[in-house]
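Here is a protein model to walk through. Keep the sequence and the picture side by side as you read.

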Amino acid sequence: MKYIYFLVSVFFISLLASVINPKEGFTCFLEVIPAIIGFLILAFTFKKFRFTNFTYTLILIHCIILFIGGHYTYAEVPFFDYIKEVFHQSRNNYDKVGHFAQGLVPAMIIRELFIRKKVIANQSFFNFIIVSICLAISAAYEFIEWFVSIATGDGGDAFLGTQGYVWDTQSDMLFATIGAIVGLILFSKIQDNQIQKTDF
């Protein structure tokens, strides 16, 4: 439990840092609210279903990515402005980090749920279904971004974060798909070991 308390502390410290004097208040709200909703869901379901520390750590990393994007806006994260200049890129690509995590982290959450709840009997389709769900989540998020941009006009432009890139929506979903696949390849064994060793 000490590690859980540590993760919760880092979550709230990072959240506080994000909302103090953000670049755009409305954009900050839009970016951090999914992390807050996620935290509340995990808190309310903690006694019924506790994830492994490994999965909680990945969730925290994803939240921090959201907090950084909320504080600066995804188009203006300073370090990625530096990368943009050094590698002569046409845009700030921090949002691709966010969408990569949007695939990787849900993939590991879904994977742990599927394993421990024994959702899928035929393991042959296991990874395919997980990646498909992550792609569906990414597409749904793009719908939300589209709706917010239409509903708020100029106020939602920073949240949309296309930076004039015509293929932004498609590349966002591609990065989420890649993130899900990379997560399954790199972290499945680590997660399996944690599931076996954890006394839930």
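Helices α1 (2–19), α2 and α3 each supply at least two residues of the lining of the second largest pocket. Helices here are DSSP runs of H or I with at least four residues, numbered from the N terminus. A pocket is found on a 1 Å grid over the protein atoms alone: it is an open set of points where a 1.4 Å probe fits, with protein on both sides within 12 Å along at least five of seven lines, and its lining residues have an atom within 4 Å of a point. This second largest pocket has a volume of about 340 Å³, and 16 residues line it, with I4, V8, F39, L42 and Y56 closest to its centre. The volume is the space filled by probe spheres set on the grid points, which are joined across faces, edges and corners.

A word on the source: this is a predicted model, where local features need pLDDT of at least 70 and side-chain atom pairs count only at pLDDT 80 or more, while totals for chains, interfaces and linings use all residues. Residues are numbered from 1 along each chain as its sequence is written, and side-chain values use heavy atoms, with hydrogens and water left out.

What kinds of residues make up the lining of the second largest pocket? It splits into 15 nonpolar, 1 polar and no charged. Here Ala, Val, Leu, Ile, Met, Phe, Trp, Tyr, Cys and Pro count as nonpolar, Asp, Glu, Lys and Arg as charged, and the others, Gly among them, as polar.

Now for the largest pocket, with its volume of about 850 Å³. It is lined by 36 residues, and P34, H62, L66, P106 and I137 lie nearest its centre. Two or more lining residues come from each of α2 (25–45), α3 (53–72), α5 (94–117), α6 (126–152), α7 (157–160) and α8 (168–197). By type, that lining has 24 nonpolar, 7 polar and 5 charged residues.

Next, the charged pairs. Side chains of opposite charge can pair when their charged atoms come close. A search of the whole structure turns up 8 salt bridges, each being a side-chain nitrogen of Lys or Arg within 4 Å of a carboxyl oxygen of Asp or Glu. One of them links R91 to D95, with the closest N and O atoms 3.0 Å apart. R91 counts as buried because its relative accessible area is 5%; buried means under 20%, exposed over 50%, and partly exposed in between (1.4 Å probe, protein chains only). D95 also bridges to K96 at 3.5 Å, N to O, and both of these residues are buried.

Over in helix α5, R116 and E112 sit 4 residues apart, about one turn of the helix. Their side chains meet in a salt bridge of 2.8 Å, N to O. E112 is buried at 0%, whereas R116 is partly exposed at 23%. Shared partners also join R91, D95, K96, D168 and D172 into one salt-bridge network.

Finally, look at the outside. F79, Y82, V86 and F87 form a nonpolar surface patch with about 470 Å² of accessible area together. V86 belongs to helix α4 (residues 78–86) and is partly exposed, at 39%. Patch members have over 30% relative accessible area and no salt bridge, with nonpolar side chains (Val, Leu, Ile, Met, Phe, Trp, Tyr) joined within 5 Å and like charges within 9 Å. The areas come from the Shrake-Rupley method with a 1.4 Å probe, and for residues only the protein chains shown count as cover.
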